[in-house]
Every structure is written in structure tokens, then in C-alpha cells.
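Please keep the sequence and the structure in view while reading.

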Amino acid sequence: MAASSPFLISLALVLVLISYCSLVTADSGTATFYSSYGHSACYGNKDQGVMIAAASDSFWNNGAACGHIYKVTCTGPTNAVPHPYTNTPTVTVKIVNHCPGCGGTIDLSKEAFAKIANPVAGVIKIEYQRIK
């Protein structure tokens with residue numbers, strides 16, 4: 001029994017470490033941007049700042065996405081701009097609108113897009129994850 005004690009201690013330690021880890025998965029898609037922040041589907045004319053985004057039909061869910069916070073990371077180009085990344089490839093945005101047929105998975109404000117990629121790119125590959 002004494003010989004198995006180091007094994008049991010190691011097993012317990014591994015289980016404790018695993019309990020602190022979470023499996024984090026991100027969805028992938030594309031991002032575009034917009035620059036007119038008038039009336040939003042979620043908040044009407046109430047200002048929500050500029051770190052905002054509009055959800056495509058893929059996760060809009062009849063408005064259930066309103067107010068959700070997403071971490072969006074630029075993962076690459078979709079067109080002739082070979083390296084669209086900036087020094088800050090990840091941004092956090094709040095869903096304030098719906099963009100049916102916007103051409104991307106998520107439509108970022110121009111300020112949010114410019115934080116993670118060169119706006120000249122127009123459309124970028126992304127990973128996005130709901131954090132709240």
C-alpha cells in the first residue's frame with residue numbers, strides 16, 4: 001500500500017490541476033466592419049460606445065445575442081491584404097445590433113476592426129468566443 005501512495009498523490013494532483021483548467025473553444029468565421037452607429041436593434045438610440053458589433057444570422061437568435069460580450073481575434077486575411085493584423089490582434093466587443101446578410105459572421109465597429117486589423121483588408125478571418 002505504501003508503494004502506491006506516490007501514485008495516488010500524483011493522481012490527486014493531476015485531478016486537481018484538471019479541475020482548474022477549462023476547455024475553451026472558439027468559433028471561427030469572418031469579420032467585416034461598419035461605421036454608422038445610429039439606432040441599434042438591441043438598444044435603440046442609447047449610446048453603447050464604439051467597441052461594439054452586430055451579430056449575423058448565425059448567432060443572432062432572434063435578439064438573444066443582444067448584450068453578449070465577445071472576444072474577437074484576427075487569424076488571417078481573406079483577400080489580397082497579406083498581413084492584416086495589428087499589434088493587438090484581439091478585441092472585446094458588445095453585441096448591439098443585427099446584421100442580416102452583412103457578409104461576415106460578425107460586423108465590428110470600425111474602431112474595433114481597426115484595433116485588430118488594417119481596415120483596408122475589409123474582411124478578415126477571425127476566431128470569436130463569447131465571454132459574457
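**Loop site, barrel and a buried aspartate**

Pro100 lies in the loop that links β4 (90-98) to β5. The model is predicted.

**Pro100**
- Pro100 is classed as exposed because its relative accessibility is 52%, and the threshold for that class is over 50%.
- Along the sequence, 45 residues separate Pro100 from Ala55, while their C-alpha atoms are 8.0 Å apart in space.

**Sheet**
- Six strands form a closed barrel in the order β1-β5-β2-β4-β3-β6, and the pairing is mixed.
- On average, neighbouring strands of this sheet are turned by 45 degrees against each other, with direction ignored.
- Strands in a sheet pair through backbone hydrogen bonds, in a parallel or an antiparallel sense.
- The pairing between β3 (residues 69-77) and β4 is antiparallel and spans five bridges.
- Tyr70 has Val93 in β4 as its bridge partner.

**Asp107**
- Asp107 is buried and has no salt bridge.
- The nearest side chain of opposite charge to Asp107 belongs to Lys110, 12 Å away; a salt bridge would need the charged atoms within 4 Å.
- The Asp107 side chain does reach the backbone nitrogen of Phe33, at 3.2 Å.
- Beyond its neighbours within four places in sequence, Asp107 is in contact with Thr32, Phe33, Tyr34, Ala53, Ala54, Cys99 and Cys102.

Methods
Residues are numbered from 1 along each chain as its sequence is written. This is a predicted model: local features need pLDDT of at least 70, side-chain atom pairs count only at pLDDT 80 or more; totals for chains, interfaces and linings use all residues. Side-chain values use heavy atoms; hydrogens and water are left out. Buried means under 20% relative accessible area, exposed over 50%, partly exposed in between (1.4 Å probe, protein chains only). Lys and Arg count as positive and Asp and Glu as negative; His and the chain ends are not counted. A polar contact is a pair of N or O atoms within 3.5 Å; within protein, one must be able to donate a hydrogen and the other to accept it, and residues adjacent in sequence count only if both atoms are side-chain atoms. Contact means heavy atoms within 4.5 Å. Helices (H or I, at least four residues) and strands (E, at least two) are DSSP runs, numbered from the N terminus. Two strands pair if DSSP finds at least two bridges between them. Axes are lines fitted to C-alpha atoms, for helices over the stretch in contact, and angles run from 0 to 180 degrees between N-to-C directions.
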